[in-house]
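Open the model in your viewer and keep the selection panel at hand.

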Amino acid sequence: MEMLTVKNLGISFGGLRAVDSFNITIEKGELYGLIGPNGAGKTTVFNLLTGVYKPDAGIITLDGKNITGLSTIEINKSGIARTFQNIRLFKALSVLDNVKIGLHNEYRYSTLAGVLRLPSYIKKEKQMNEKAMDILKVFDLDKEAHLLSSNLPYGKQRKLEIARALATNPKLLLLDEPAAGMNPSETEELMKTITLIRKKYDVTILLIEHDMKLVAGICEKIFVLNFGMELANGLPGDVLNNPEVIKAYLGE
Amino acid sequence: MTRLKALNKSTRNNIIVLGIILVIYVICRILMAAGAMSNLMQGLLVPLCYYSILAISLNLTVGILGELSLGHAGFMCIGAFMGAFFTKCTENSISNVFIRYGIAMLLGAVCAALFGGLIGVVVLRLRGDYLAIVTLAFGEIVKNIINALYVGIDNKGLHISLQDAAALKLAEGGEVIVNGAKGITGTSRDTTFTVAILMLILVYFIIVNLINSRSGRAIMAIRDNRIAAESVGIDITRFKLLAFTISAAMAGIAGVLYSHNISSLVATPKNFGYNMSIMILVFVVLGGVGNIRGSIVAAVILTLLPEYLRFLADYRMLIYAVVLIVMMIFNWNPACIAWRKNHPIKGVLQSVIKKKEGSASGKEGGKAS
């Protein structure tokens with residue numbers, strides 16, 4: 001079953017065609033890698049998929065529903081969550097609160113119920129705490145739940161961002177360089193975590209990554225972007241040995 | 001004590017703060033009954049409450065929402081005039097003070113919220129310093145319009161004019177209520193210390209409970225990282241507007257308290273002008289941006305200080321300025337923060353208690369420490 005279908009997606013910034021006729025089909029449950037040299041337009045693709053930029057061409061379909069041109073908020077509600085290349089946590093809030101903010105749309109009660117501490121507040125807060133702690137446990141962050149998120153070490157901040165994105169209960173998770181700045185053992189751990197959450201939360205993943213060990217290790221399919229255009233697309237073994245891809249990365 | 005520990009953290013803090021406020025209230029009452037409180041201090045009790053309300057409500061905008069507002073006195077002004085206007089109109093028709101004052105309070109809060117909402121809808125969509133600029137202008141505009149506003153009432157209903165009292169063309173027996181730059185005179189002084197404390201507690205709980213709820217977390221998420229907040233599905237404009245409107249409404253309540261604590265209400269630069277807005281901002285900054293309890297403490301200290309420095313005559317404001325600077329350094333200087341961490345108040349208290357216990361055999365030996 002197709003989870004995400006993108007047809008002919010494109011956007012220009014002034015005279016620069018940042019992404020041009022981008023086509024991808026991601027099956028449900030797949031782990032797809034999006035790679036390419038710096039400036040290829042990978043993050044722009046993410047921004048298009050999540051509604052940060054409005055595409056000037058193309059159609060994006062998520063689970064049979066056309067989501068092209070929707071706002072970031074609506075797209076998140078439709079089932080796409082993401083992390084960021086430069087970590088964007090809610091720094092002044094605790095680790096637990098960061099995840100609880102991810103649960104914002106799943107557990108609802110009115111502002112008045114919150115201010116007056118009505119039974120619905122107490123009930124929903126309890127459920128939220130339990131759910132958030134469950135998610136934190138998966139990421140091995142439950143012991144740090146009450147720390148300030150900015151006080152976490154770098155690797156754990158990256159994990160917390162994934163946890164927060166997962167809390168919005170997405171069908172499709174977009175990870176923007178999840179292993180950036182991590183040391184080999186942290187990367188190793190991250191790969192395990194990604195494999196685990198795929199099983200546990202039944203989520204489809206599209207990730208951008210420069211660490212080829214990670215990409216080759218866990219991705220089932222790889223898409224290579226170069227100057228905003230498709231360079232190669234297919235199984236890791238084929239794509240990473242493609243002479244065009246090697247040329248784009250290393251030069252001639 | 002164990003039962004207190006079992007409650008969640010915010011509920012526990014709420015109970016502790018409630019306890020502290022009530023203890024202070026009872027102490028003040030006892031001092032007043034015993035005649036041990038000076039007239040000056042008695043006159044300051046109500047202002048302390050409404051300044052505290054102003055400080056915590058502005059802290060909601062500045063500290064929790066992360067937007068700068070320079071027109072908080074404007075919302076207070078709207079609340080003050082709306083409340084006083086209602087009281088003046090209904091002084092004869094509603095004889096029950098509680099009902100009349102209650103409605104005046106509600107009306108003042110709702111009107112201030114309405115203006116807060118109007119400004120918010122337009123400005124909060126933008127990013128950057130727009131809110132500061134617009135609220136700064138708003139505060140001044142409100143003050144100046146009220147100075148030129150004439151409202152009268154007679155048996156035909158309300159008459160409004162921006163010219164002068166004669167232009168109202170009141171029928172015989174009609175009464176001018178808002179008299180331009182002379183404001184509203186002869187309002188009944190319904191605000192008591194008890195009412196003011198109750199309102200302070202109410203506002204404190206509204207704001208603290210808001211912060212610790214789903215909406216409060218959404219507001220803080222927007223402050224910390226707007227893009228990330230959007231990416232997890234938080235409606236930015238809605239929650240910004242919510243915080244700003246509530247903040248304005250609470251300032252309106254402070255205004256009603258203010259207007260019912262004086263006999264003639266006039267909008268001057270001193271009470272509703274730019275300086276007042278800045279002073280409230282000073283309370284917030286010195287009490288700690290985002291620290292609601294700190295706002296109350298700062299408001300109390302900085303209101304009492306100039307009064308108790310009066311004996312210094314001409315040097316009064318000089319010393320006041322020095323105290324402000326010292327407080328700022330103590331709050332924010334890294335060295336001071338490190339020192340405070342090594343000498344926490346809890347620890348100091350504990351060591352004092354231990355000394356007391358240790359020297360319990362010696363007569364009052366511990367008290368000196």
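How many disulfides are there over all chains? The count is 0, where a disulfide is a pair of cysteine sulfur atoms within 2.5 Å. This is a predicted model, in which local features need pLDDT of at least 70 and side-chain atom pairs count only at pLDDT 80 or more, while totals for chains, interfaces and linings use all residues. Side-chain values use heavy atoms, with hydrogens and water left out, residues are numbered from 1 along each chain as its sequence is written, and chains are lettered from A and ligands numbered from 1 in the order in which they are written.

Select Cys111(B), which is in no disulfide; the nearest cysteine sulfur belongs to Cys77(B), 12 Å away. Cys111(B) is buried, at a relative accessible area of 18%. Move to Cys336(B): with 21%, this residue is partly exposed. The classes are buried under 20% relative accessible area, exposed over 50%, and partly exposed in between (1.4 Å probe, protein chains only).

Next select residues 150–154 and 157–161 of chain B, strands β1 and β2, which run antiparallel and are joined by 5 bridges. Two strands pair if DSSP finds at least two bridges between them. Tyr150(B) has Ser161(B) in β2(B) as its bridge partner.

**Chain B as a whole.** Colour chain B by secondary structure to find 17 helices and 5 strands; these are DSSP runs numbered from the N terminus (helices H or I, at least four residues; strands E, at least two). The radius of gyration of chain B is 23 Å, close to the 21 Å that the globule rule gives for 369 residues, so the chain is as compact as a globular protein of that length. That radius is taken over C-alpha atoms, and the rule is 2.2 Å times the number of residues to the power 0.38. The C-alpha trace of chain B spans about 80 × 60 × 45 Å along its principal axes. Of its 369 residues, 48% count as buried.

**The interface.** Now show both chains. Here 29 residues of chain B are in contact with 30 residues of chain A, contact meaning heavy atoms within 4.5 Å. Select Arg214(B), Arg217(B) and Val232(B): they supply 31% of the area that chain B buries against chain A, more than any other three residues. Buried area is the accessible area (1.4 Å probe) that two parts lose on being put together, summed over both. Between chain B and chain A about 2,500 Å² is buried, 57% of it on carbon and sulfur atoms.
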